[in-house]
Amino acid sequence: MMAEAGAGGPRLAELLALGQRLWDELEASTEPSSGAPAVQEKVRQGLDALQRAAAMVAQLELFSDNEELEEIASADLKFMLLPALLGALTLKQVDLSRRREHLETAREHFLRFLRLCRSYGLGSFQLSPRTSSEEGAGSPSAPRDPAQPNLVAMAMSRTAKIERYKQKKELENKLASMSSSVESGTADEDQIREFYVLQIQKWIGTSLEEIESIEQELVILRSRDAARQAPAGPRGPSRPARAAMKPFILTRDSVQARVFGAGYPALPSMTVNDWYEQRQKQGPAPTPQRVPGANDEELQKQQQETEEEEDDEEALKKARDWDDWKDTHPRGYGNRHNMG
């Protein structure tokens with residue numbers, strides 16, 4: 001195993017180092033948007049390097065289900081991180097039209113990493129068989145694995161989350177204290193092995209958290225897609241069409257309505273003299289009859305309107321005579337009261 005890794009080691013190690021470096025730069029980036037061209041270019045380069053490295057690992061058969069952790073060379077342990085790094089970089093892509101595809105691909109990378117860790121006994125987590133409901137929620141293109149763990153249920157456990165957070169802080173502190181000696185080449189083989197095992201354990205917690213977030217986002221995307229594909233049905237009972245209403249204007253009384261037609265502010269349809277001539281031809285207005293059930297106030301109002309109509313002609317004649325008299329008699333004419 002070590003000879004095969006050594007034969008392709010330098011190139012393989014360079015690809016892994018490049019992918020890790022780009023990932024670290026993206027995590028520490030101060031770019032305001034993850035969709036910035038510079039950011040997405042690093043994502044593309046990192047994915048390309050890690051995918052090539054993963055293909056070389058598969059060709060070299062560095063890891064096998066039939067071997068123990070002690071059989072893996074210390075320098076080869078770091079290559080177990082390839083699926084986790086691929087999943088993390090896949091989530092950095094921002095193409096919204098392919099978001100669901102990216103989520104499902106990233107989840108498969110994380111699951112592959114966790115299955116590899118489980119096969120070597122790494123980590124303190126336990127994985128139960130995947131339930132049928134979670135299998136239905138997976139990628140339709142991926143083969144179903146009956147032994148695939150129920151990672152989402154475990155990740156959603158509050159106790160597991162608290163424990164993972166504590167372990168993550170402890171692992172970060174240990175890695176920070178050991179990184180300088182490993183990177184400078186002064187660490188011995190035991191220290192190198194412990195350093196890579198701690199890195200693997202750290203990424204186990206990260207993978208569980210990312211899978212939980214992916215599952216939550218996939219639920220939202222599936223609901224949105226289902227709503228878009230659902231046929232548009234009736235939104236409720238249709239309201240009956242209302243009959244068109246004719247415009248009208250209220251008038252003060254029935255006499256005004258007959259004189260002014262549609263009512264104020266319409267123009268008069270006849271002059272006052274024409275109206276009186278029409279009334280003379282029609283004769284006096286009939287006396288209103290008491291309507292059963294009507295109160296005295298309504299009857300009095302109706303009688304008053306009738307009397308006003310009958311007295312209009314006499315009142316008009318008196319008014320005209322008075323105007324004529326004032327034209328021929330000056331003001332105060334005939335007043336001899338209190339005169340000496």
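Trainee: How many salt bridges does the model contain?

Mentor: The model is predicted, and side-chain atom pairs count only at pLDDT 80 or more. A pair qualifies when a side-chain nitrogen of Lys or Arg lies within 4 Å of a carboxyl oxygen of Asp or Glu. By this rule the count comes to 13 salt bridges.

Trainee: Which residue forms a salt bridge with Glu-27, and where is that residue?

Mentor: Glu-27 belongs to helix α1, which covers residues 2-27. Its partner is 65 residues apart from it, so the pair links distant parts of the chain. The closest N and O atoms of the bridge are 3.0 Å apart. The partner, in the loop between α3 (82-90) and α4 (99-119), is Lys-92.

Trainee: Are Glu-27 and Lys-92 buried or partly exposed?

Mentor: A residue is buried under 20% relative accessible area and exposed over 50%. Glu-27 has 47% relative accessibility, and Lys-92 has a relative accessible area of 25%. Because these values lie in between the two cut-offs, Glu-27 is partly exposed, and Lys-92 is likewise partly exposed.

Trainee: Which residues are linked with Arg-100 in a network of salt bridges?

Mentor: Arg-100 forms a salt bridge with Asp-225, and this pair belongs to a network of salt bridges. The residues linked with Arg-100 in that network are Glu-104, Arg-224 and Asp-225.

Trainee: At roughly what angle do the axes of α7 and α8 cross?

Mentor: Helix α7 spans residues 158-184, and its axis comes within 9 Å of the axis of α8. The crossing is left-handed. Residues in the contact include Leu-171, Leu-175 and Met-178 of α7 and Phe-195, Leu-198 and Leu-208 of α8. The axes cross at roughly 145°.

Trainee: How many residues of the contact of α7 with α8 are charged?

Mentor: Among the contact residues are Lys-161 and Glu-172 of α7, together with Glu-194 and Lys-202 of α8. Eight residues of the contact are nonpolar and five are polar. The number of charged residues is nine.

Trainee: Which element gives the most residues to the largest nonpolar core?

Mentor: This core has 56 residues, and those with the most contacts inside it are Phe-63, Met-80 and Phe-113. The elements that give two or more residues are α1, α2 (37-60), α3, α4, α7 and α8. With 12 residues, the element giving the most is α8.

Trainee: Which residues does Ala-88 touch, not counting residues up to four places away in sequence?

Mentor: Ala-88 is in helix α3, and it counts as buried because its relative accessibility is 7%. The C-alpha atoms of Ala-88 and His-109 are separated by 8.6 Å, although the two residues are 21 residues apart along the chain. Not counting residues up to four places away in sequence, Ala-88 touches Trp-23, Phe-110 and Trp-203.

Notes: Residues are numbered from 1 along each chain as its sequence is written. This is a predicted model: local features need pLDDT of at least 70, side-chain atom pairs count only at pLDDT 80 or more; totals for chains, interfaces and linings use all residues. Side-chain values use heavy atoms; hydrogens and water are left out. Helices (H or I, at least four residues) and strands (E, at least two) are DSSP runs, numbered from the N terminus. Buried means under 20% relative accessible area, exposed over 50%, partly exposed in between (1.4 Å probe, protein chains only). Axes are lines fitted to C-alpha atoms, for helices over the stretch in contact, and angles run from 0 to 180 degrees between N-to-C directions. A crossing is left-handed if the near helix is turned anticlockwise from the far one by less than a right angle, and right-handed if clockwise. Contact means heavy atoms within 4.5 Å. Ala, Val, Leu, Ile, Met, Phe, Trp, Tyr, Cys and Pro count as nonpolar, Asp, Glu, Lys and Arg as charged, and the others, Gly among them, as polar. A nonpolar core is a set of buried Ala, Val, Leu, Ile, Met, Phe, Trp, Tyr and Cys residues joined through side-chain atoms within 4.5 Å.
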